[in-house]
There are 2 protein chains.
Amino acid sequence: MTGLATDVVVFTIRDQCLRVLLVRRSGEPFAGRWALPGGMVPADEALDDCANRMLGEKTGVRGVYLEQLYSFGAPRRDPRGRVVSVSYYALVPPERIAPFADGDDQLAWMPAGALPELAFDHRDIVELAHRRLAAKLDYSNIALQFMGERFTLSELQSVYETILGEPLDKRNFRKRVRNLPCIEDTGEWFRAGKHRPARLFRVTRSDRVEIIK
Amino acid sequence: MTGLATDVVVFTIRDQCLRVLLVRRSGEPFAGRWALPGGMVPADEALDDCANRMLGEKTGVRGVYLEQLYSFGAPRRDPRGRVVSVSYYALVPPERIAPFADGDDQLAWMPAGALPELAFDHRDIVELAHRRLAAKLDYSNIALQFMGERFTLSELQSVYETILGEPLDKRNFRKRVRNLPCIEDTGEWFRAGKHRPARLFRVTRSDRVEIIK
């Protein structure tokens, strides 16, 4: 018999920084250490429902992109006995999150690239989620999950660069996203100061992550 | 507390048919029904090790491509109580499998597209594995896992078509595989009867499944 947990890597992007939601553990093991939001799965709850519920309880956000990531089951990953973690990752657009309370020492959105020491194998889970997300940029429209109602292609490019951790060539990027599913030109323009106006786009089906053919 | 199982979808291709290894269940529940090879995970065994071991025990094959697929955890998927199945899929080149004993009524390689009624939610597991495999053809060199030591591009195309269940245009296919990682021209030719000779290729790194950039 085995303990069954789910842990959720909740990503958002703020100030061109990919951030992960962490909660401080109050109990043993790893009391005081930062960890992913998660917990034991009740016997009568489906895995997806449990992950969705935990996401909602910690962030107040529902209906965002959530995908099962991987099951971590090394026999000694939990010092209390065998616990398998079915991990998930979720993508939350920044404007759906309540203003960050940066001084909160129980709940924090930390840069994915500069995490503190985490409980259990949660660092491995975050790293796998980051790799999965970065890989999916290449063959899907998953980045749209981070976009607001209207956005410019420069803003979209910034999301890609933030996840990949490297600058992209503007012209190649525009070629690449031209055929992205679920995106359309609004016909409107964004003007900021003396900059050239930029076309505004919107997501047509925000519930859909589609593979690029 | 929860029961923890792994189940493995073992694919091979024979006679242009994608086949899945099934075993007949001897005990309840679902006695007599066909099922995926799998079983409960011992408390001290890692998930990957367990899946690898089960694959080896049923097929005699080791060292082939094996990837964690998904964890199935609907509360009532097993009538005995909650059992979460961490499912895997494996790809076995046909020449590594012992000759099929088609009359065996305990172990059989059945066409993925024409499965009998399976135990538990194993049909869902097979269907998800098939979708994952088909999707990966688009953005990785995973099909090479089915190839023998030397092969022609027509044979490789046939593998794609078998997995996708549809014919592909020859010219587009050749364009697409030209940049496939881990494949090289042997400089040799295959001649069969009056057909035009065909170039023979080989896989350079059979342990690597790589994303196509």
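Analyst: Helix α2 spans residues 122–139 of chain A and helix α3 residues 153–164; they pack at about 140 degrees, axes 9 Å apart. Axes are lines fitted to C-alpha atoms, for helices over the stretch in contact, and angles run from 0 to 180 degrees between N-to-C directions. Helices are DSSP runs (H or I, at least four residues), numbered from the N terminus.

From α2(A), the contact uses A:His130, A:Leu133, A:Ala134 and A:Leu137; from α3(A), A:Tyr160, A:Ile163 and A:Leu164. Contact means heavy atoms within 4.5 Å. By class, that makes six nonpolar, one polar and no charged residues (Ala, Val, Leu, Ile, Met, Phe, Trp, Tyr, Cys and Pro are nonpolar; Asp, Glu, Lys and Arg charged; the others, Gly among them, polar).

Next, α3(A) packs with helix α4 (residues 170–177) of chain A at about 100 degrees, axes 11 Å apart. α3(A) and α4(A) are therefore roughly perpendicular. A:Leu153, A:Ser154, A:Leu156, A:Gln157 and A:Tyr160 of α3(A) meet A:Lys170, A:Phe173, A:Arg174, A:Arg176 and A:Val177 of α4(A). This contact has five nonpolar, two polar and three charged residues.

The model is predicted: local features need pLDDT of at least 70, side-chain atom pairs count only at pLDDT 80 or more, and totals for chains, interfaces and linings use all residues. Residues are numbered from 1 along each chain as its sequence is written, chains are lettered from A and ligands numbered from 1 in the order written, and side-chain values use heavy atoms, without hydrogens and water.

Notes. Helices (H or I, at least four residues) and strands (E, at least two) are DSSP runs, numbered from the N terminus. Angles under 35 degrees count as roughly parallel, over 145 as roughly antiparallel, 65 to 115 as roughly perpendicular and the rest as oblique.
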